[in-house]
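Hi,

Here is the structure I promised to pass on. Have a look at it first, and my notes follow below.

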Amino acid sequence: NVVAGDDGRSSLSTYYTGSNFQDFNSINWTEIVDPTTSLVFFDDHQAGIRRMEEARAKGFKHVVFDDNYPPGHGDNTSGKKLCDPQLWSFL
């Protein structure tokens with residue numbers, strides 16, 4: 001079973017978009033997949049750190065972000081931004 005929230009339509013997928021929209025964090029994933037063996041692919045332009053925390057709290061161990069922007073780019077806080085040494089130069 002593939003669970004998706006994007007436009008890559010497949011008859012093997014369940015979509016949580018449009019009138020069926022549900023945010024990732026509002027879904028009871030253990031009723032759908034085994035979080036310990038499933039991969040979450042985020043492409044929702046939300047704060048990556050928040051999404052990592054939400055995924056971990058739901059039991060997911062494998063997470064990928066489409067929008068992992070480098071410092072100075074993008075529209076959300078990404079892992080790459082948080083790993084930038086210049087961000088922590090004040091320490």
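On α1, the face turned away from the buried side carries E53, R56 and A57, which are exposed (over 50% relative accessible area; buried is under 20%, partly exposed in between, with a 1.4 Å probe and protein chains only). This is a predicted model, where local features need pLDDT of at least 70, side-chain atom pairs count only at pLDDT 80 or more, and totals for chains, interfaces and linings use all residues. Residues are numbered from 1 along each chain as its sequence is written, and side-chain values use heavy atoms, leaving out hydrogens and water.

Back to α1, which spans residues 48–57 (helices are DSSP runs of H or I, at least four residues; strands are runs of E, at least two; both are numbered from the N terminus). Its buried residues are G48, R51, E54 and A55. They sit on the same side of α1, because they cover an arc of only 120° around the axis (taken from the directions from the helix axis to the C-beta atoms). That buried set packs against β3 and β4.

A55 also belongs to the largest nonpolar core, along with Y16, F24, I27, W29, V40, F42 and F60 (buried Ala, Val, Leu, Ile, Met, Phe, Trp, Tyr and Cys residues joined through side-chain atoms within 4.5 Å). Leaving aside neighbours within four places in sequence, F60 is in contact with residues including F24, W29 and A55 (heavy atoms within 4.5 Å).

Cheers
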